[in-house]
Amino acid sequence: MELIQDVSRPPLVSVKGIPLIKYFAECIERLKDLQVWPDDVLISTYPKSGTTWVSEILDMIYQGGDQEKCQRGPIYTRVPFLEFKAPGILSGMETLKQIPAPRLIKTHLPLLLLPQALLDRKVKIIYMARNAKDVAVSYFNFYKMAKVHPDPGAWEDFLEKFMTGQVCYGSWYQHVQEWWELRKRQPVLYLFYEDMKKNPKREIQKITEFVGRPLPEDIIDRIVQQTSFKKMQENPMTNYTTAPTEVMDHSISPFMRKGITGDWKNTFTVAQNERFDADYEKKMADSDLHFHTDL
Ligand code: A3P
């Protein structure tokens, strides 16, 4: 019990100016030892952008739509989380050593902290972005339940931190823009959570083409069904209920929370929304990247 209290909610630690969960910060240095294989595929996202969703879709594609095979372990063992480390749990690097090629690897790192070998070896990258308002609300709820984060405080304060990049992994604005630019020089498939909600079949087809694993239409339809929010919410191999309670407490807020676009409207006040929009315009002014905050 004492041990749990000791490891719970440590303050974020800055690595090259990027705030990170303390345990993750401790293992960044070791990531340079990553052995990159030519058929590795990297799944990159800013947190709360649908990482688990796109990870499950990819594993299902790799398993040819075979649901049984996708039950072989929790998502974090099938798609290792590169920079993950927490007390008493296998780290991402350790998990990676245990899985055979072809590997799917998850990261939330900004480019500044990404192991260079992944770029040098030109691994295929699937980036999933989600609109900032829904990310902020999802992140606030996640901070509350995932106790490796500091206490988020009141929503008002958390939103301020989100807007100024003082949350784990730093600025959303910087993250979505730099990976958007990266597609000009690396093999990046840039996807949007909102598009996936609207037309999952079309987006899944895009992924199969990008990773060079075409599938018959009935299998794609099965993947669409199996990766619906409801299915993934009920599935212990995707809903994170297998994670220790000290790390994720679903009684505070479930990991599979709502899975919709536009939920931000239930949390943002009118004044917060106006302030957020004005600030957003400034931060995104130089970018041709556009998001939908409604479906
Ligand atoms: P909400 O908190 O808004 O519900 P990540 O996997 O990057 O941590 O993102 C988690 C968010 O994606 C959560 O958002 C979660 O509910 C949502 N999500 C997970 N699986 C989903 C699915 N199959 N369809 C839609 N949303 C999903």
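Where in the chain does Arg 9 lie? Arg 9 is in the loop that runs between helix 1 (2-7) and strand 1 (13-15). The notes below start from this residue and then take up the fold and some local features of what is a predicted model.

1. Arg 9. The phi of Arg 9 is near 55°, a positive value in a residue other than glycine. Most residues other than glycine have a negative phi. With a relative accessible area of 24%, Arg 9 is partly exposed, since buried means under 20% and exposed over 50%.

2. Lys 48. Lys 48 sits in the loop between strand 3 and helix 3 (51-62). Its relative accessibility is 12%, so Lys 48 counts as buried.

3. Ala 101 and Pro 102 are joined by a cis peptide bond, with omega about -5°. In general, most peptide bonds are trans. Pro 102 belongs to the loop between helix 5 and strand 4.

4. Overall fold. The protein has 14 helices and 6 strands. Its radius of gyration is 18 Å, close to the 19 Å that the globule rule gives for 295 residues, so the protein is as compact as a globular protein of that length. The C-alpha trace spans about 50 × 45 × 40 Å along its principal axes.

5. Burial and contacts. Of the 295 residues in the protein, 55% are buried. Contacts between residues at least 6 apart in sequence join residues at least 24 apart in 74% of cases.

6. Surface and charge. The accessible surface of the protein is about 13,400 Å², and carbon and sulfur atoms account for 52% of that surface. The protein has 39 positive and 39 negative charges, and the mean positions of the two sets are 2 Å apart.

7. Strands 3 and 4. Strand 3 (residues 41-45) pairs with strand 4 in the parallel sense, over 4 bridges. One of the residues involved is Ile 43, whose bridge partner in strand 4 is Lys 106. In a regular strand the side chains alternate between the two faces of the sheet. In strand 4 (residues 104-107), Leu 104 and Lys 106 point one way and Ile 105 and Thr 107 the other way. All of these residues are buried, Lys 106 included.

8. Strands 5 and 6. Strand 5 (residues 124-129) and strand 6 run parallel and are joined by 5 bridges. Ala 129 stands opposite Phe 192 in strand 6. Strand 6 (residues 188-192) is mostly covered, with 5 of its 5 residues buried. On one side of strand 6 are Val 188, Tyr 190 and Phe 192, and on the other are Leu 189 and Leu 191.

9. Ile 89. Which residues does Ile 89 touch, leaving aside those up to four places away in sequence? They are Phe 84, Pro 244 and Val 247. Ile 89 and Val 247 are 158 residues apart along the chain, and their C-alpha atoms are separated by 9.7 Å. Ile 89 lies in the loop between helix 4 (75-78) and helix 5 (92-98). At 26% relative accessibility, Ile 89 counts as partly exposed.

Methods:
Residues numbered from 1 in each chain as written. Predicted model: local features only at pLDDT ≥ 70, side-chain atom pairs only at ≥ 80, totals over all residues. Heavy atoms only, no water. Buried < 20%, exposed > 50% of the residue type's maximum accessible area, 1.4 Å probe, protein only. Helix = DSSP H or I, 4+ residues; strand = E, 2+ residues; numbered from the N terminus. Pairing = 2+ DSSP bridges. Rg over C-alpha atoms; globule rule 2.2 N^0.38 Å. Contact = heavy atoms within 4.5 Å. Areas by Shrake-Rupley, 256 points an atom, 1.4 Å probe, with all protein chains shown as cover. Lys, Arg positive; Asp, Glu negative; His and termini not counted. Charge placed at Lys NZ, Arg CZ, Asp CG, Glu CD.
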